[in-house]
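Here are some notes to read alongside the model.

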Amino acid sequence: MKKVILTTLAFVGFAVAFIGCSNNEDEKDYPLNNTIWQTEDHNSRIIFGTAGFTLRFSGDDFSCEETTGTYIYEPPIVKFTTFDDKTDKLTTRKGKIVADTLYYDDNIYFKNNR
């Protein structure tokens, strides 16, 4: 009986050690995190975080609009999800990244290499 218990404990110890070495969720690669993309005229800017984004638009009259939401990046496609106040629903739109260029919502954004 003692051998069975020790063998079981050893097996559980190996299993725990093996699971502890698996990929950690915190270590995921977020290639868009902390990147800023802007239009050539600098009127529109997308700022990416780990899972969220902020879209800022500055008008010629010095007005500023800001939209926030979440995104999923499945190269080369970026799926932007925002809450639409008019319909009270979540909306998802797609963008496409080619090299340092993001095509989204009839605009072309360029990666800001600070």
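Which strand gives the most to the lining of the largest pocket? That would be S5, with 4 residues.

1. Ground rules. You're looking at a predicted model, where local features need pLDDT of at least 70, side-chain atom pairs count only at pLDDT 80 or more, and totals for chains, interfaces and linings use all residues. Residues are numbered from 1 along each chain as its sequence is written, and side-chain values use heavy atoms, with hydrogens and water left out.

2. The pocket. The largest pocket holds about 460 Å³ of space. A pocket here is an open set of points on a 1 Å grid over the protein atoms alone, where a 1.4 Å probe fits, with protein on both sides within 12 Å along at least five of seven lines. Its volume is the space filled by probe spheres set on the points. The lining has 18 residues, and Leu55, Thr67, Thr82, Arg93 and Asp105 lie nearest the centre. (Lining residues have an atom within 4 Å of a point.)

3. Who lines it. Two or more lining residues come from each of S3 (52-58), S4 (64-74), S5 (77-84), S6 (89-98) and S8 (107-111). Strands are DSSP runs of E, at least two residues, numbered from the N terminus. By type, the lining of the largest pocket splits into 6 nonpolar, 7 polar and 5 charged residues.

4. Two hairpins. S2 (residues 44-48) pairs antiparallel with S3 over 5 bridges, and a hairpin of 3 residues joins them. (Pairing needs at least two DSSP bridges between the strands.) Across that pair, Ile46 has Leu55 as its bridge partner; Leu55 is also one of the residues nearest the pocket centre. S3 then runs antiparallel to S4, with 7 bridges, and Ser58 stands opposite Cys64. The S3-S4 hairpin has 5 residues between its strands, and Phe62 in the turn has a positive phi of about 70 degrees.

5. Ser44. This S2 residue counts as buried because its relative accessibility is 5%; buried means under 20% relative accessible area, exposed over 50%, and partly exposed in between, with a 1.4 Å probe and protein chains only. The side chain of Ser44 makes a 2.7 Å polar contact with that of Tyr109. (A polar contact is an N or O pair within 3.5 Å, one able to donate a hydrogen and the other to accept it; residues adjacent in sequence count only if both atoms are side-chain atoms.)

6. Gln38. Over in S1 (residues 36-39), Gln38 is buried because its relative accessible area is 10%. A 2.8 Å polar contact links its side chain to that of Arg45. Leaving out residues up to four places away in sequence, Gln38 touches Ser44, Arg45, Ile108, Tyr109, Phe110 and Asn112, where contact means heavy atoms within 4.5 Å.

7. Most residues other than glycine have a negative phi, and most peptide bonds are trans. The Pro75 to Pro76 bond is cis, with omega near 5 degrees, and Pro76 sits in the S4-S5 loop. Asp88, in the loop between S5 and S6, has a positive phi of about 55 degrees and is exposed at 56%. Asp105 has a phi near 55 degrees too; it lies in the loop between S7 (101-104) and S8 and is partly exposed, at 38%.

Terms used: Ala, Val, Leu, Ile, Met, Phe, Trp, Tyr, Cys and Pro count as nonpolar, Asp, Glu, Lys and Arg as charged, and the others, Gly among them, as polar.
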